[in-house]
Amino acid sequence: MTAAPSGGTPVAVNGPAADGAWLPSGLTWQAHGHGAPVTLVVPGLGATPGEARIPASGLPGTRVVLTLPSHGHAPDAEPGYWRYPRLAAEVAAVADRVGATRAVGVSLGAGALTRLVAEQPDRFERLALLLPAALDGPRSPTASRRLHHLATAVDQALDHGDDTALRDLVTAEVPAGVAVGDHVSARTQALLRLRDALHELPGQSPLGDLGRAADVLAGVQAKVLVIGATRDPLHPREVAEAVADAIGGAELELFDSPAPLLTHRAQVRERLRSFLA
């Protein structure tokens, strides 16, 4: 197959043939590298193009990085798009097209992949779930408040033309002393396209309509790595621990950080490389 998303360079991908690198929803993807294995990378909500590629760096074989609707060059999501069953189905469709045997998901991407393997326990050989935000029940009060503040700040920016509050919230996410270039501006602009998602997703969980995680994930056949953070209010360590507990034999790695992909980028990449090698 040749992956040729909007604005991307065609790259050969091993796996089933497919006509184009986009879905009707507007979700697109781009391949990096070549050969087997093929690893699907599903980013988090509001991830900038640079953030989306972080988990893919240095992985063996072919890395296929998704761009969700309302992100990057992808068109805006249609009403009602932001539902875990829909996201899981979209991820499954891409995985089938590119012949992915492995997958990495961050935050929302981790939730979509968790939903997918609950429905298709034998879909992947290896699976890395980074910073899962929810599992089978409500989010923590702290996480719910943070998401509410983000949604309110986006409303204010779009309705009144003032993105000060949103920019302040994004700035507060960056640990002191970490150089992030234009990250704050890029992420602020990304979040402005995600009003519907920020209002719809906080009331959902990946497995909320399926049952207890321990029951619906019991049959997962992939080798699984869960990476969590100890000081990230949007991605509590308790959720990472619960995901690892629910999947028999899963490995759990916790980083003492509010944002491991910023503060421990090299260590996270090395852990992923060693797990997926």
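Biologist: Why does Thr39 count as buried?
Modeller: The relative accessibility of Thr39 is 1%. Buried means under 20% relative accessible area, exposed over 50% and partly exposed in between, with a 1.4 Å probe and protein chains only, so Thr39 counts as buried. This is a predicted model, in which local features need pLDDT of at least 70 and side-chain atom pairs count only at pLDDT 80 or more, while totals for chains, interfaces and linings use all residues. Residues are numbered from 1 along each chain as its sequence is written, and side-chain values use heavy atoms, with hydrogens and water left out.

Biologist: Where is Thr39 found, and which residues is Thr39 in contact with?
Modeller: Thr39 is part of strand 4, residues 38–42; strands are DSSP runs of E with at least two residues, helices are runs of H or I with at least four, and both are numbered from the N terminus. Leaving aside neighbours within four places in sequence, its contacts (heavy atoms within 4.5 Å) include Leu59, Val64, Arg102, Val104 and Leu276.

Biologist: What makes the peptide bond from Ala36 to Pro37 worth a note?
Modeller: That bond is cis, with omega near -5°. Most peptide bonds are trans. Pro37 sits in the loop between strand 3 (28–33) and strand 4.

Biologist: What is said of phi in Ser107 and Leu131?
Modeller: Phi is near 55° in Ser107, and near 55° in Leu131 as well; each is a positive value in a residue other than glycine. Most residues other than glycine have a negative phi. Ser107 lies in the loop between strand 6 (102–106) and helix 3 (108–119), and Leu131 in the loop between strand 7 (126–130) and helix 4 (141–160).

Biologist: Are Ser107 and Leu131 buried or exposed?
Modeller: Ser107 has 16% relative accessibility and therefore counts as buried. Leu131, at 7%, counts as buried too.

Biologist: Why is Val180 put in another class, partly exposed?
Modeller: Its relative accessibility is 23%, so Val180 counts as partly exposed. Val180 is in the loop between helix 5 (164–173) and helix 6 (183–191). Not counting residues up to four places away in sequence, Val180 touches Val174 and Leu262. Arg126 is 54 residues from Val180 in sequence and 30 Å away in space, C-alpha to C-alpha.

Biologist: How many aromatic pairs are there, and what makes Tyr81 and Trp82 edge-to-face?
Modeller: The count is 1 aromatic pair. Tyr81 and Trp82 lie 5.0 Å apart, centre to centre, with 90° between the planes. Rings of Phe, Tyr and Trp (its six-membered ring) pair if their centres lie within 6.5 Å; planes under 30 degrees apart are stacked, over 60 edge-to-face and the rest tilted, so Tyr81 and Trp82 form an edge-to-face pair. Both residues are buried.

Biologist: How do you know that the protein is as compact as a globular protein of its length?
Modeller: Its secondary structure comes to 11 helices and 9 strands. The radius of gyration is 17 Å, close to the 19 Å that the globule rule gives for 277 residues, so the protein is as compact as a globular protein of that length. The radius is taken over C-alpha atoms, and the rule is 2.2 Å times the number of residues to the power 0.38. The C-alpha atoms fill a box of roughly 50 × 40 × 35 Å along the principal axes. Of the 277 residues, 52% count as buried.
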